[in-house]
Amino acid sequence: MSRPHRIRDRFWWEVSPTMERPDTPLNLRIALAVFGLVVSAALGVLSWLAGWFVAAVALWAIAVIAVVNLIVLTQKRIKRGDGNSLFG
């Protein structure tokens, strides 16, 4: 196998045990988006109950962004044809 010419490919040649670039980490991105959605929604509810209305609205806005991110990531996953399982 010949050495790659591009700098970004040379990095993976030296660092990766398979000498290849890794696949896109869509599973990790989906898991982090779900975590962000759950945490920001829950903290938004707790903030609302505590009387911190501005913080609650800000946290719910972050939750909406996480939902949009999940939709985009799901569309990417479907487009790539990776299947429906998060871990498979």
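**Exercise 1. State which helix the buried residues of H3 pack against, and list those buried residues.**

The buried residues of H3 pack against helix H2 (26-50), where helices are DSSP runs of H or I with at least four residues, numbered from the N terminus. The model is predicted: local features need pLDDT of at least 70, side-chain atom pairs count only at pLDDT 80 or more, and totals for chains, interfaces and linings use all residues. Residues are numbered from 1 along each chain as its sequence is written, and side-chain values use heavy atoms, with hydrogens and water left out.

Next, the residues themselves: Ala56, Leu59, Ala63, Ala66, Leu70, Leu73 and Arg77 are buried in H3, buried meaning under 20% relative accessible area, exposed over 50% and partly exposed in between, with a 1.4 Å probe and protein chains only.

**Exercise 2. Compare the span of H3 with its expected span, and describe what follows the helix.**

Helix H3 covers residues 53-80, which is 28 residues. The expected span of a helix is 1.5 Å times one less than its number of residues. From its first C-alpha to its last, H3 reaches 41 Å, close to the expected 40 Å. Glycine 81 follows H3, and its phi is positive, near 75°.

**Exercise 3. Determine whether serine 47 is buried or exposed, and which residues it touches.**

Serine 47 is located in helix H2. Its relative accessible area is 9%, and therefore serine 47 is buried. Leaving aside residues up to four places away in sequence, serine 47 touches Trp52, Ala55, Ala56 and Leu59, a contact being heavy atoms within 4.5 Å.

**Exercise 4. Classify the pair formed by tryptophan 48 and phenylalanine 53, and place it in its cluster.**

The structure holds two aromatic pairs. In the pair of tryptophan 48 and phenylalanine 53, the ring centres are 4.7 Å apart and the planes stand at 70°, so the pair is edge-to-face. Rings of Phe, Tyr and Trp (its six-membered ring) pair if their centres lie within 6.5 Å, with planes under 30 degrees apart counted as stacked, over 60 as edge-to-face and the rest as tilted.

As for accessibility, tryptophan 48 has a value of 41% and so counts as partly exposed, and phenylalanine 53, with 44%, is partly exposed. Finally, Trp48, Phe53 and Trp60 form one aromatic cluster.

Technical notes. Helices (H or I, at least four residues) and strands (E, at least two) are DSSP runs, numbered from the N terminus.
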